[in-house]
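Notebook open. I want to go through this structure piece by piece and jot down what I looked up.

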Amino acid sequence: MVIKVFLASSSGSTAIKKKQQDVVGFLEALKVDYTQLDIACNEDNRMWMRQNVPEDRKPTNGIPLPPQIFNEESYCGDYDTFFDAKEDNSVYSFLGLPPPPGSKEAEKADKADIVENGTHAEETNTEVPVEERNGNTHREEEKLQQVADEEEEAQDGEEEEITEEETADKEETAEDETPMEEEEAVEEADEVTEYIQAHAEEEEGQEEEDLQSEEEEELRQLEEEEEAEVQEDEEEDLEETQEEEAE
C-alpha cells in the first residue's frame, strides 16, 4: 500500500504551503512511506485528484484544494481530517495502515478490542479424584492399579518439566523483545514530540514576522500620507504667492 499526497509545488497561498509542510513533515516523523504528486506541474495528477475526491468531501465550489491524501485508490481525507486524526492519535487508522507495535495508537486499539470483545476466562483442567477402593478388591487389581498410577505420575512429571522449559524459553524471548519494542516506541514518540515543538516554534516565528510586516506596512502608509499633506500645503502656499505677485 502506497500513501499518495497531492501537493501544489508552486502555490501562492501561504496557508496551503504550511498545510502541505505539516502533512509531509508528520509522515516523515512517523517514517511512513509516501509519494508526493504535484498538481501544479502535472495536469493528469490534477484531474485524477479532482475526480477521485468524493463529492460529499468537496467544497461548495466543487474544486478540492491540496493537500489531499489517498491510500492507493482509496481516499483518506484532506488537511482538516488529517489534523483531527493527528490530535486523536489515530493517524495510522486515518491512512488505512496498521499501527506499529508499542505505539499509542496500537495500545488504544488493543484497549478498544478488549472492551468490545471482552476477556476470555482461562480454561482450567480439574483432575478427577480416584475413587476409594472397596475393601473386597482383590490384591492383584490393587497392584495393577498402583503400577498404572506410578506410570501416569512419571509421565505427568515429564510433561510438566517440558512445559516449564517451554514457558521459561518464551519468557526469556519476551523479555528480549520487549525492551527493543519499548525503545522503538520511545524513539518514535520523541521524534513526533520534537516535530510538533519545531512546528509550533516555526508558526510562532511566522506570526511574529507577519505582525512585523503589517506594522511596517502601516508605518509606510502613514509616512506617505504625511508627505502627501506636506506637498499639498506647499502647493497651496505657492499658488497664493503667485496670486499676490500677479495683483
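My entries follow, from the whole chain down to single residues.

**Ground rules.** I am working on a predicted model, where local features need pLDDT of at least 70, side-chain atom pairs count only at pLDDT 80 or more, and totals for chains, interfaces and linings use all residues. Residues are numbered from 1 along each chain as its sequence is written, and side-chain values use heavy atoms, with hydrogens and water left out.

**Whole chain.** I looked up the secondary structure and got 6 helices and 4 strands. Helices (H or I, at least four residues) and strands (E, at least two) are DSSP runs, numbered from the N terminus. Along the sequence I read the pattern β-α-β-α-β-β-α-α-α-α. Buried residues make up 22% of the 247 residues; buried means under 20% relative accessible area, exposed over 50%, and partly exposed in between (1.4 Å probe, protein chains only).

**Helix α3.** Which residues of α3 are buried? I noted Y79, F82, A85 and K86. They sit on the same side of α3, because they cover an arc of only 125 degrees around the axis (taken from the directions from the helix axis to the C-beta atoms). At the N-terminal end, D78 caps α3, with a side-chain oxygen 3.3 Å from the backbone nitrogen of D80.

**K86.** This lysine is in α3 (residues 79-87) and counts as buried because its relative accessible area is 12%. What does the K86 side chain pair with in a polar contact? The partner is the side chain of D22, at 3.3 Å. A polar contact here is a pair of N or O atoms within 3.5 Å; within protein, one must be able to donate a hydrogen and the other to accept it, and residues adjacent in sequence count only if both atoms are side-chain atoms. Leaving aside neighbours within four places in sequence, K86 is in contact (heavy atoms within 4.5 Å) with D22, F26 and V91.

**W48.** I found W48 in helix α2 (residues 43-52). With a relative accessible area of 24%, W48 is partly exposed. Beyond its neighbours within four places in sequence, W48 is in contact with F6, F70, E72 and E73. W48 and F6 are 42 residues apart in sequence, yet 9.8 Å apart in space, C-alpha to C-alpha.

Most residues other than glycine have a negative phi, and most peptide bonds are trans. I looked for departures and noted these:
- E72, in the loop between β3 and β4, has a positive phi of about 55 degrees although it is not a glycine. E72 is partly exposed, at 32% relative accessible area.
- N89, in the loop between α3 and α4, has a positive phi near 55 degrees. At 40% relative accessibility, N89 is partly exposed.
- The peptide bond from P66 to P67 is cis, with omega near 0 degrees, and P67 is in the loop between α2 and β3.
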